Amino acid sequence: MLTYLLRRFGFIFLTLILASIIIFSVTQFLPGDVAQIILGQFATEVAVENLREELGLNKPLHMQYLNWAGGFIRGDWGDSLVSRLPVRPMVMQRLGNSAMLAGLALLIYVPLGIILGVIAALKRDKMPDQLITGVSMAFVGLPEFVSGLLLITFLAIGAGWFPANSSIDPDSTFMESLPYLILPAITVSLSGLGYIARMTRSGTIDVLRTDYVRAAELKGLSGSQVLIRHVLRNSLLPTVTIVAMGIGWLLGGLIVTEAVYGYPGLGRMIVYGIQRQDLPIIQAASMIVVAVYSFSNLAADILYGLLNPRIRVGK
Amino acid sequence: MPDHDAVLNVENLTVTYNTEKGPLDTVRNVSLKIAPGEIYGLVGESGSGKTTLARAVVRYLPANGLISGGAIHLSGTDLLNLPKAEMRRIWGARVTMVHQDPNASINPSMLIGEQIAEVVRAHLNLSKKEAMARAVEMLKKVRMPDPEAVANRYAHQLSGGMLQRVLIATAIATNPEFLIMDEPTTALDVTTEAVILDLIHELMEEYNTAVLFITHNLGVVARICDRIGVLYAGEIMEEGSIRQVFKDRLHPYTRGLLGCVPRVDASRKDIALSAIPGFIPRPDELPDGCVFGPRCDFVEEACRAERPPLVDAARGHQTACRRWELMKGKAEEAREIREDGGTEELGHVVLEARNIKKYFPFTGGFGPLLKGKRPVVKAVDDISVRMRSSFTMGIVGESGCGKTTLARCIAGLEEATSGEIELEGKKLSYSVTSRPREILKKIQMVFQNPDASLNPQHPAGDSVARPLILLRNMSKKQVRERVAELFEAVSLPADYIDRLPHELSGGEKQRVAIARAFAADPALMICDEPISSLDVSVQASLMNLLTDLQDSKGTSYLFISHDLAAVRHISDWIAVVYLGRLWEIGSAEDVFVPPYHPYTEALLSAIPIPDPEIKQDRIRLKGSVPSAMDIPSGCRFHTRCPRKIGEICEREEPPWRDRPDGHRICCHIPIEELEALQGEGLLKKAGVGGDK
């Protein structure tokens with residue numbers, strides 16, 4: 001187990017190095033000169049040249065990369081080119097915001113998706129199944145700006161239950177932000193729900209067909225005993241993987257939802273960074289997203305192993 | 001017997017499925033009674049309705065199935081009038097079931113002990129602790145080694161035989177009055193099967209349970225059952241005590257089934273198997289009159305007029321044949337004697353495989369990696385075989401002994417680790433990818449699972465045409481002619497050429513696979529369990545087909561099977577393999593009579609023989625085959641050998657001992673001693689050529 005973990009960590013380290021090289025190279029190809037951007041259009045050429053020297057932009061690319069990567073590891077993520085403030089606290093704050101939204105969304109759509117998936121599997125090819133499968137797939141296909149706008153129109157503006165704008169104060173706690181989080185979390189959940197429900201449905205149908213479930217029914221166990229002990233224990237295993245993959249998406253990929261609600265998450269930060277060519281922001285935020293993806297997948301694999309006796313207990 | 005004694009009393013049961021073609025009666029008017037302590041064997045080919053009948057009896061049918069007529073009483077309780085919720089109190093408490101595949105029937109993520117305990121808790125009102133204690137007690141009852149430890153294990157940590165014990169323990173934990181066993185030993189090795197059958201027999205005597213024992217294996221029925229019902233196309237054809245049915249065979253279908261089974265005391269040189277022509281009719285295509293009529297040798301006009309009812313032929317013996325009196329007295333029909341069999345001339349050497357070894361590096365698991373040394377699985381460890389033309393070498397052994405790996409090494413599908421493979425004097429490279437076409441053509445293979453060995457997208461004819469195009473460069477016209485010839489040779493109608501695999505039955509698919517192998521005109525054909533997944537009548541026709549094709553083409557067969565009777569029937573020579581090595585090799589006649597290797601002896605003693613008159617010695621092997629990663633020292637068989645003589649077996653590798661005619665045995669016990677120990681052999685009644 002230890003060797004396995006070490007190997008997986010090694011792989012994550014490699015992934016991160018590869019990702020950092022790609023992120024660094026891509027930001028180099030963005031149009032425009034960094035020194036020029038910082039100083040503005042009207043700066044003298046001498047001033048620009050001095051700043052280039054100061055920022056190390058005249059050094060060869062691989063030296064620049066090593067400087068940047070070294071700084072990143074030490075915790076020096078550079079200053080924003082726009083606000084001139086250190087990048088790290090800004091990114092970490094956004095990460096915290098994204099985590100709040102992600103957490104709430106997971107709390108909504110994972111249990112709901114599992115319940116709907118199990119119901120669909122138990123009633124497969126009948127009305128409830130067709131309804132659940134059809135509606136959840138429709139939501140997966142519906143773009144977030146559509147579902148988001150619909151929710152705002154009806155639940156925020158129409159009914160007035162939730163605020164329409166979620167641009168929360170940077171210092172607010174989770175409880176304070178909660179009312180602002182609900183609509184974005186529902187929007188995200190509508191997209192994620194379908195995957196969980198579908199995975200759970202197909203996993204459960206497979207397990208319902210097995211001989212050991214038939215054997216359990218013929219033991220005279222009650223329906224709920226068969227379902228919980230024999231079906232769900234086995235059928236929810238693949239769902240763990242899907243949930244973990246969702247975490248990466250929730251933390252870094254909610255650009256549209258965050259934009260619709262004006263929510264200050266990590267995804268929107270990357271978009272801002274790109275629009276303003278704020279390279280340190282783009283680099284740091286992207287690296288965080290890659291790291292979150294890698295570690296949540298590792299966590300999923302470990303959890304899967306712990307839940308599955310065939311992996312947990314050897315021969 | 002009087003009705004009130006029967007535990008299970010089924011009267012005129014009819015089961016109907018609602019299908020796209022409308023309602024279909026898959027089981028019709030079946031009546032049966034099972035007394036306490038009685039094991040009732042229900043036999044029939046696949047599609048005969050065995051499993052449907054068993055599930056209907058306990059009212060566990062799929063949503064589209066319903067019981068449309070008849071009555072079922074369980075010790076007086078009318079099951080058909082019980083609400084579904086009440087059935088749940090009967091399942092697991094008064095009726096239990098042991099399923100076919102022990103691996104699939106146990107929940108992989110629940111402890112073994114919990115799975116036994118839950119049925120006890122559900123019905124006997126025991127606390128969690130008491131139920132666990134009961135589970136361990138039940139595991140002891142089925143003679144599980146180390147029951148406390150096993151209760152805390154998961155399914156993947158146990159062997160197939162141990163899992164089947166767990167299922168039996170679960171089934172008897174609530175002391176039910178009626179137990180259904182659906183092919184309980186089919187997925188097991190012959191040696192494990194024998195042990196499990198003994199166990200079932202003893203336990204049922206002790207518990208006095210009524211058992212419905214479903215199987216397709218007539219040998220198993222003969223060994224364990226008291227009475228037998230022969231099911232065909234959803235109807236009982238014949239019913240009676242084991243002795244009555246096996247001796248008198250008052251229905252042509254029973255005769256047909258028994259005629260299909262190869263005998264351990266005769267080979268293809270002596271007898272041809274009599275396969276039953278045709279197929280079981282589907283429920284929507286039942287013939288008029290007797291359902292077996294279209295396949296029956298004794299059919300006459302009156303048989304087609306109306307469905308013959310079951311009539312009493314003797315006390316407790318019923319048959320659904322109108323002409324049963326004709327069969328009475330005519331005990332066993334003399335089987336067709338082969339005249340052209342057994343050419344004594346030796347053919348030229350086709351294959352010479354010397355000292356083949358195949359070691360797999362062990363991957364997976366973390367423990368061994370930390371120790372530093374990389375373990376290897378020695379799947380094949382120094383095996384040599386020589387094969388001549390028009391000759392069949394049978395390879396037998398338990399699963400995991402290296403049979404298939406050896407075959408795959410010879411075919412080049414697996415690269416041997418060392419050794420020499422020569423085909424007609426030419427040395428072959430290990431990998432199939434580096435062998436030239438002329439060689440590829442000469443070694444062909446037929447695989448076990450016909451469903452997986454044909455491309456489902458290609459018509460049968462295309463599969464057969466591939467080797468002709470790829471290996472023999474034939475023109476389109478030649479290919480078409482040759483494909484037609486090959487289909488004729490394997491007795492398939494010409495219009496099957498354009499059919500897709502899913503339109504063919506299992507036996508037909510295997511015929512296509514055989515035709516494809518012969519298309520390349522091979523010198524050597526490797527048959528890896530080619531008949532194991534098929535019904536007995538199909539097995540018989542395929543074995544006859546292989547024999548005929550060998551006679552006309554002179555091909556050599558390497559025939560791998562765990563079915564010793566089939567190997568005995570088809571092989572000239574037999575090699576006995578255990579843990580990657582040969583232990584005995586010789587002509588089929590020599591290997592199956594004493595003296596034999598103790599392992600061969602145990603295998604033979606385990607074969608279920610479809611003849612209740614033959615009494616076999618009970619030699620049973622303990623446990624299962626040791627891991628090929630951790631091979632025992634000295635003689636590899638010493639850990640399980642019933643004839644172990646002492647320390648020498650653990651310390652030294654046994655020598656090869658030669659007998660006349662190339663028969664060789666690898667054992668520490670000298671031949672003379674083996675001969676004295678084993679006497680006249682296991683198949684007492686069946687000496688050489690032992691017909692009644």
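Biologist: Which strands pair with strand 20 of chain B, and are its two faces covered or open?

Modeller: The model is predicted, and the description below should be read accordingly. Strand 20 of chain B comprises residues 556–560. Five of its five residues are buried, so the strand is largely enclosed by the rest of the structure. The burial extends to both faces: Ser556(B), Leu558(B) and Ile560(B) are buried on one side, while Tyr557(B) and Phe559(B) are buried on the other.

Two strands pair with strand 20 of chain B. Strand 15 of chain B, residues 392–396, runs parallel to strand 20 and is joined to it by four bridges. Within this pairing, Gly394(B) has Phe559(B) as its bridge partner. Strand 19 of chain B, residues 524–528, also runs parallel to strand 20, here with five bridges. In strand 20, Ile560(B) is the residue that stands opposite Asp528(B). Between strand 19 and strand 20 of chain B the chain passes through helix 19, residues 536–553, and this β-α-β crossover is right-handed.

Along the principal axes, the C-alpha atoms of the chain fill a box of roughly 75 × 65 × 50 Å. Buried residues account for 51% of the chain. Of the contacts in chain B with a separation of 6 or more, 69% are between residues 24 or more positions apart.

Helix 3 of chain B, residues 112–124, reaches 19 Å from its first C-alpha to its last, close to the 18 Å expected for its 13 residues at 1.5 Å a residue. This helix is mostly covered, with eleven of the 13 residues buried; among them are Ile112(B), Ile116(B), Val119(B), Val120(B) and His123(B). The cover over its buried residues includes helix 4 (128–141), helix 5 (147–151) and helix 6 (160–172) of chain B. After helix 3 comes Asn125(B), with a positive phi near 60°.

Chain B also touches chain A: 28 residues of chain B are in contact with 21 residues of chain A. On the chain A side, the elements that give two or more residues are helix 1, helix 9 (211–217), helix 10 (223–235) and helix 15 (309–312). Helix 10 of chain A gives the most, with four residues.

Within chain A, the domain assignment gives domain 1 (12–74) and domain 2 (90–312). The C-alpha centres of these two domains lie 36 Å apart, and 13 residues of domain 1 are in contact with eleven residues of domain 2. Helix 1 (2–29) and helix 2 (34–39) of chain A are the elements that give two or more residues to the side of domain 1 that touches domain 2. Helix 1 of chain A gives the most to that side, with eight residues.

Terms used: Residues are numbered from 1 along each chain as its sequence is written. Chains are lettered from A and ligands numbered from 1 in the order in which they are written. This is a predicted model: local features need pLDDT of at least 70, side-chain atom pairs count only at pLDDT 80 or more; totals for chains, interfaces and linings use all residues. A residue is buried if 20 or more other C-beta atoms lie within 10 Å of its own, exposed if 12 or fewer, and partly exposed in between; C-beta atoms are placed from the backbone. Two strands pair if DSSP finds at least two bridges between them. A crossover is right-handed if, with the strands pointing away from the viewer, the path from the first strand over the helix to the second runs clockwise. The expected span of a helix is 1.5 Å times one less than its number of residues. Two residues are in contact if their C-beta atoms, placed from the backbone, lie within 7 Å. Domain bounds come from an automatic or database domain assignment.
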